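Please work through each task before reading its solution.

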Amino acid sequence: MPKGLLSVVVGNTPDARSAVVHHTMRLSPRAVVVAVSIQNTADGEYPTVQRFTYGDDPSLHDSAPLSATGDPAVILRQDLLSLKRAAGEPHVTLALPTELDVLPFLVELWRTRIGSSSLEDHYEPGPVLVGVDPASFMADIGCVHRTVRMWNGSARDHPLTPAEIAARQIEAADALVFPGPATGNEHHAAGVAALASQLNHHALVVRPTGAEEAEAELPPSLAQPSAPGIADEWQAQLEPVTVPRAHRGSDHGVNSVLWRARRPLHPERLADALGTVMCGVVRSRGHLWLSSRPESIVTWRSAGPHLELREAGSWLEPDTRRAWEAVSPQRRTLASWFWHDYYGERRNEITFTGTDLDAQRIRSALSAALLTDAELSLGREGWTSIPDPLLSDGDPP
């Protein structure tokens, strides 16, 4: 059965999202747009999901906005299947609001449900296009004084800062679109594009390059299906051991630093090193092997000046077949690559991104926080006796 194409558009402002939707319609005039908004209900259990469908198809001209309260992924999945039945082979552009955490939502949307057909039987996943307003992005990436709870598809996740939300949007993109016309502050816009590219160097960056170019133009490839296996890639990016690769080189002073180590970290020395490590860092992501929690993966995530450490599952062990089967193929591959006869897959790995970061300073400070040979010889019983000021209550600091 011929499949439709499902593209996804988000933006860090409503205007940025609308501009990218406009560009996609110029690229694919027959596309159907499903614009989504979300309003939280008083009880907070499920939101009200509003959808407005429009496009060149005459049958859509009289479409009225639809509203339903429930699981956003279930509601939108039903809309998409209805469009597929009505239009045959539609190109649907799903314009999502900022209240949805993009990657978890897409994983939930494409997840096969018992007793129903899979969305992948009806649609090819297209690229995720993220519209970026440079001024709003720079304001958000430094904002950590408040938190917002976003929907991950089926539930409201733990609170996130605007800085974390801004970084996650960039990292979810297949294409980063700076849709507005070139302005007099071209150097600032170019610096934001350089930072965004460092945060997600796999994404195509589309932006005006000068005053003679009025606005960004999307290449035709962005109206084509993504590479096979993209749904698995979305799932893999949510694994606690997935770390973004450090982009080599520097652009407008923005650079990335990758640190890896193969022994546990001393929690107290790590806490003392944070001031040195985090100086100038805009975004960092990775995972730790803390001596105080030798069985647990501790995720490391910062955006702006806010750092969060959180226990996120257990390391894979040789005899835990069910645990190996439950993780993504990419996680199993990483475990095989990094496997050590004694440590298993345990390791520390963090990527830092910022302006003029000193790689030697960061790596030296973190390496000094590793257990010494004498401490390592104490074994797990000795490691767990080391005081832990970072996760003493089992909660993020």
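The exercises below refer to this predicted model.

**Exercise 1.** Classify the ring pair formed by Trp-289 and Trp-383, and state which parts of the chain the pair ties together.

*Solution.* A search of the whole structure finds 8 aromatic pairs. For Trp-289 and Trp-383, the ring centres are 6.0 Å apart and the planes meet at 75°. Planes over 60 degrees apart count as edge-to-face, so this pair is edge-to-face. Next, locate the residues: Trp-289 belongs to the loop between strand 10 (281-288) and strand 11 (296-303), whereas Trp-383 belongs to helix 13 (residues 379-383). The pair therefore ties together parts that are 94 residues apart in sequence. Both Trp-289 and Trp-383 are buried. Finally, Trp-289 and Trp-383 form one aromatic cluster with Tyr-342 and Tyr-343.

**Exercise 2.** Carry out the corresponding analysis for Trp-300 and Phe-352.

*Solution.* The ring centres of Trp-300 and Phe-352 lie 5.9 Å apart, with the planes at 80°, so the pair is edge-to-face. Trp-300 is in strand 11 and Phe-352 in strand 13 (residues 348-355); the pair thus ties together parts 52 residues apart in sequence. Trp-300 and Phe-352 are both buried.

**Exercise 3.** Determine whether Glu-164 is buried or exposed, and identify which residues Glu-164 touches, leaving aside those up to four places away in sequence.

*Solution.* Glu-164 is located in helix 5 (residues 162-172). Its relative accessible area is 7%. Buried means under 20%, so Glu-164 is buried. With residues up to four places away in sequence not counted, Glu-164 touches Arg-283, Arg-301, Ser-302 and Ala-303.

Note on methods
Residues numbered from 1 in each chain as written. Predicted model: local features only at pLDDT ≥ 70, side-chain atom pairs only at ≥ 80, totals over all residues. Heavy atoms only, no water. Phe/Tyr/Trp six-rings, centres within 6.5 Å; stacked < 30°, edge-to-face > 60°. Helix = DSSP H or I, 4+ residues; strand = E, 2+ residues; numbered from the N terminus. Buried < 20%, exposed > 50% of the residue type's maximum accessible area, 1.4 Å probe, protein only. Contact = heavy atoms within 4.5 Å.
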